[in-house]
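User: I'm new to this structure and would like a close look at one part of it. Could you walk me through the salt bridges and what they join?

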Amino acid sequence: MYGVAAPTQAGGSDESDDTAARDLQLRLMASGHERPEGDACPICFDLIEFPMGHHSEINDAPTGRRCIYPCNGTKTCHQGDAAAITYLGEQHCQGTLGLAKDVPRAIELWTRAAELGSVKAHYQLGLVYCIGDDVEVDKPRAIHHWQQAAIQGNVESRNNLGANEYRNGNYRHAVQHWLISAKMGYEESLKGIKGMFKEGHATKAQYAEALLGYRDAVEEMTSPQRKEAEKLGV
């Protein structure tokens, strides 16, 4: 098995485990309400719109209206650059850039990047352990990595934690997670709360709070320059 296991307390009592779980839950809800610096365009400094893959790309120079994430591939990886290591892991996972698909190698790279502080690497590790793509499914480990990413502001991980709580019937926690990510401009979380409101698992006030927060976040991600670029079809 590859990757870093979620921390455990050998021989811990049920009471201490419950206390640790409550402390983690409190930390999760109190942290990660702002997106990480890596979500901002290095050119205009505005937050990149969701989905980020449609509004940013890795390259050496600006192209069109997209914001660019600079990365020089494996050379920087040898220097311990977490973002470059994460990117290389993605190429191994997908089998791109002339590399054969090698998920175990991707997990090794993402684990290293996560240890260096990469939020995205934690998110990717959560995905691969949740889906079980060429690796054994390990939901607790996936949740652990998403928790680490959510605490640092990763919106996709926060949304996935909300979805997990919803599937487990923990509606209060699901609403709390989705409220945070909806207020950060993530539409899927807003849709989740809307669905819960229709089912009677979220209040009208909670849905209204999510909707207003989402609208404010989207407004912050727009600019006259981006609107003009959209008009020009750039």
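Analyst: Happy to! A salt bridge here is a side-chain nitrogen of Lys or Arg within 4 Å of a carboxyl oxygen of Asp or Glu. Please keep in mind that this is a predicted model.

Let's start with Glu-90 and Lys-120, whose side chains meet in a salt bridge with an N to O distance of 3.0 Å. Glu-90 sits in helix α4 (residues 82-94) and Lys-120 in helix α6 (residues 119-131), so this pair ties together parts that are 30 residues apart in sequence. Glu-90 counts as buried because its relative accessibility is 9%, under the 20% limit. Lys-120, at 44%, counts as partly exposed.

Next comes the pair Lys-101 and Asp-133, a salt bridge whose closest N and O atoms are 3.3 Å apart. Lys-101 belongs to the loop between α4 and α5, and Asp-133 to the loop between α6 and α7, so parts 32 residues apart in sequence are tied together. Lys-101 is partly exposed at 45% relative accessible area, and Asp-133 is partly exposed at 25%.

Another salt bridge joins Glu-209 and Lys-183, with the closest N and O atoms 2.4 Å apart. Glu-209 lies in helix α11 (residues 204-220), while Lys-183 lies in the loop between α9 and α10, so the pair links parts 26 residues apart in sequence. Glu-209 is partly exposed, with a relative accessible area of 35%, and Lys-183 is partly exposed too, with 38%.

Notes. Residues are numbered from 1 along each chain as its sequence is written. This is a predicted model: local features need pLDDT of at least 70, side-chain atom pairs count only at pLDDT 80 or more; totals for chains, interfaces and linings use all residues. Side-chain values use heavy atoms; hydrogens and water are left out. Helices (H or I, at least four residues) and strands (E, at least two) are DSSP runs, numbered from the N terminus. Buried means under 20% relative accessible area, exposed over 50%, partly exposed in between (1.4 Å probe, protein chains only).
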